[in-house]
Each structure stands twice: as C-alpha cells, then as structure tokens.
Amino acid sequence: MRKLPTDDEVLAHGFRFRPTWWTPRVSEGWGDFLEQLPDESRGYRTITRADLLDTANSHGLPQSLLAGYVWGTGSSAFLVGRRARVFRDNDAERISDCLQAAAEMVRSGNTVDAYTGMLRGRPHYLKHLGPSFFTKFLYAADAREGKPGRALIMDQFVALALKAVDGWDISRNGPWEPSIYARWIDHAHGVATVEGVRADAVEMAYFNEGRKIAAGR
C-alpha cells in the first residue's frame with residue numbers, strides 16, 4: 001500500500017458534476033443543497049468528501065444518501081439515470097424511514113447491524129441500493145465534526161485492493177457478508193491506529209489502489 005493520504009487530502013477528495021443531472025430525479029427539495037456547493041464553469045459544481053461528511057447533519061438523511069450518489073458518480077453523467085433509480089422506485093417516506101432507522105443504529109455503535117439491515121431482504125433494504133452506496137450513507141451518518149465514526153465505505157475498488165494487497169478471499173462486486181464488512185472496518189481502524197491517521201485515510205488509500213488495479217496500472 002502506498003503512502004496514506006493526509007487529512008487535507010482526504011477531505012478534499014472530490015469530483016465535478018452538474019446539479020441538473022440529479023435534482024429532477026429526486027423528491028422536491030432534496031437536491032437544493034447541491035446548488036450551494038462551489039461553482040465551477042459551465043454549470044458544474046464540486047462535491048468533496050468533506051461535503052459528504054457534513055450533509056447528514058447540515059441537510060438531512062435523504063440528502064446524505066443523495067450526496068453519496070453524487071460524490072460516488074462524479075462526472076460520469078451516463079451513470080446518473082441508472083443510479084437515481086433508488087429515488088424513483090422507492091417511496092420517499094420509506095426512504096426516509098429506512099435511512100433514519102439505519103442512522104440510529106450506526107450512531108448507537110451498532111455498525112454491522114446497520115449494514116446488515118440495509119442488505120437485500122432485510123428490514124431497511126431499499127430497491128437498487130447496494131453496499132457500495134449505502135456504506136457511503138452509513139459513513140456520512142456516523143461522522144462527527146468532519147471526522148469518521150466506526151462506519152467506513154466499502155466498494156468494488158476497496159474489495160479489489162483487499163484481495164490484491166492483503167490476499168483476502170473476496171469478490172469484487174459483492175454484496176459482501178456482514179462478517180466481511182466487520183472484518184474490513186476492524187482492519188481499517190487497526191491500520192489507522194498504528195499509522196496515526198484517520199480511518200477514512202486508510203479507506204481512501206485502498207480505494208485508490210483498487211482503481212489502479214482495475215485500470216491495469
């Protein structure tokens with residue numbers, strides 16, 4: 001694993017997007033905060049990891065889920081329609097209720113239970129919402145003052161790096177069993193403690209490594 005990113009590098013980890021890609025696809029008002037993000041040229045704005053970590057407390061839980069999708073999709077406009085199905089094919093009240101229940105669990109320290117509850121067939125499952133994006137929500141919901149709690153993001157790039165760097169027997173695309181998620185957050189927090197860094201710096205390092213592996217570099 002290469003050098004772990006600094007706090008500033010973690011918080012600045014961001015992507016460009018256009019709010020108009022998302023706001024027509026979500027409930028009224030849920031996307032208003034996107035217009036408050038730093039303005040770029042030609043209608044683009046930038047969303048950073050710091051913005052994601054702030055969204056749950058500053059704007060609300062549905063907005064936090066949306067922020068995770070916007071941040072995780074970035075400038076890949078062609079993916080927006082498919083990824084926004086979670087907002088189209090789930091009732092707005094159910095989205096809010098499921099997110100509230102999961103947030104209460106993760107904030108009470110029941111991180112793996114919150115993860116488990118959002119898997120397919122579980123009480124807080126939302127159609128089209130898999131671990132790669134609901135762990136972004138859990139990560140944001142668990143944050144305090146810009147710093148991560150116990151919950152961390154797990155996606156295909158993290159999984160690729162865990163397999164290549166640490167030899168884990170893990171699929172690239174998931175869904176990953178709760179025991180795998182528990183092992184991942186234990187591992188990341190353990191590395192963070194040893195290295196004296198934020199736990200999400202470890203996650204970001206694995207993400208970056210996984211992207212390089214996927215690109216064949």
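Biologist: Where does T55 lie in this model?
Modeller: In this predicted model, T55 lies in helix 2, which covers residues 49-58.

Biologist: Is T55 buried or exposed?
Modeller: T55 counts as buried, because its relative accessibility is 2% and buried means under 20%.

Biologist: Which residues is T55 in contact with?
Modeller: Leaving aside neighbours within four places in sequence, T55 is in contact with F33, G60, Q63, S64 and A67.

Biologist: Let us turn to H13. Where is its place?
Modeller: H13 is in the loop between helix 1 (7-12) and strand 1 (14-17). H13 is buried, with a relative accessible area of 11%.

Biologist: And what does H13 touch?
Modeller: Not counting residues up to four places away in sequence, H13 touches I47, T48, R49, W71, M204 and F207.

Biologist: Now the aromatic rings. How many aromatic pairs does a search of the whole structure find?
Modeller: The search finds 10 aromatic pairs. One of them joins Y69 and F87: the ring centres are 5.7 Å apart and the planes stand at 70°, so this pair is edge-to-face.

Biologist: Which parts does that pair of Y69 and F87 tie together?
Modeller: Y69 belongs to helix 3 (residues 61-73) and F87 to helix 5 (residues 85-88), so the pair ties together parts that are 18 residues apart in sequence. Y69 is buried, with a relative accessible area of 2%, and F87 also counts as buried, at 7% relative accessibility.

Biologist: Why is the pair of W184 and Y206 edge-to-face?
Modeller: The planes of the W184 and Y206 rings are at 75°, with the centres 5.4 Å apart, so the pair is edge-to-face; the cut-off for that class is over 60 degrees. W184 lies in helix 10 and Y206 in helix 11, so this pair ties together parts that are 22 residues apart in sequence.

Biologist: Are W184 and Y206 buried or exposed?
Modeller: Both W184 and Y206 are buried. For Y206 the relative accessibility is 4%.

Biologist: What polar contact does the side chain of Y206 make?
Modeller: The side chain of Y206 makes a polar contact with the side chain of D166, at 2.5 Å.

Biologist: Which residues form one aromatic cluster?
Modeller: One aromatic cluster is formed by W22, W30, Y69, F87 and F133.

Biologist: What sits over the ring of W168?
Modeller: The charged end of R183 sits over the W168 ring, 3.8 Å from its centre.

Biologist: Next, helix 9. Which of its residues are buried?
Modeller: Helix 9 spans residues 156-166, and its buried residues are F157, V158, A159, L160, A161 and L162. What covers these buried residues includes helix 10 (178-195) and helix 11 (199-214).

Biologist: What is found at the start of helix 9, and what comes just after it?
Modeller: At the start of helix 9, a side-chain oxygen of D155 reaches to within 3.1 Å of the backbone nitrogen of F157. Just after helix 9, G167 takes a positive phi of about 75°.

Biologist: Which peptide bond is cis around P175?
Modeller: The peptide bond from G174 to P175 is cis, with omega near 0°. P175 is found in the loop between helix 9 and helix 10.

Biologist: What about the phi of R42 and of H128?
Modeller: R42 has a positive phi of about 55° although it is not a glycine. R42 is in the loop between strand 1 and strand 2, and R42 counts as exposed, at 59% relative accessibility. H128, which is not a glycine either, has a positive phi of about 80°. H128 is in the loop between helix 7 (111-117) and helix 8 and counts as partly exposed, at 28% relative accessibility.

Biologist: Last topic, the largest pocket. What volume does it have?
Modeller: The largest pocket has a volume of about 960 Å³.

Biologist: How many residues line the largest pocket, and which lie nearest its centre?
Modeller: The largest pocket is lined by 36 residues, and those nearest its centre are R83, S132, F133, K136 and Q156. Helix 3, helix 4 (80-83), helix 8 (131-141), helix 9 and helix 11 each supply at least two residues of the lining.

Note on methods: Residues are numbered from 1 along each chain as its sequence is written. Side-chain values use heavy atoms; hydrogens and water are left out. Buried means under 20% relative accessible area, exposed over 50%, partly exposed in between (1.4 Å probe, protein chains only). Helices (H or I, at least four residues) and strands (E, at least two) are DSSP runs, numbered from the N terminus. Contact means heavy atoms within 4.5 Å. A polar contact is a pair of N or O atoms within 3.5 Å; within protein, one must be able to donate a hydrogen and the other to accept it, and residues adjacent in sequence count only if both atoms are side-chain atoms. Rings of Phe, Tyr and Trp (its six-membered ring) pair if their centres lie within 6.5 Å; planes under 30 degrees apart count as stacked, over 60 as edge-to-face and the rest as tilted. A charge sits over a ring if NZ of Lys or CZ of Arg is within 6 Å of the ring centre and within 35 degrees of the ring normal. On a 1 Å grid over the protein atoms alone, a cavity is a set of points where a 1.4 Å probe fits but cannot get out, and a pocket is an open set with protein on both sides within 12 Å along at least five of seven lines; lining residues have an atom within 4 Å of a point. Grid points are joined across faces, edges and corners, and a volume is the space filled by probe spheres set on the points.
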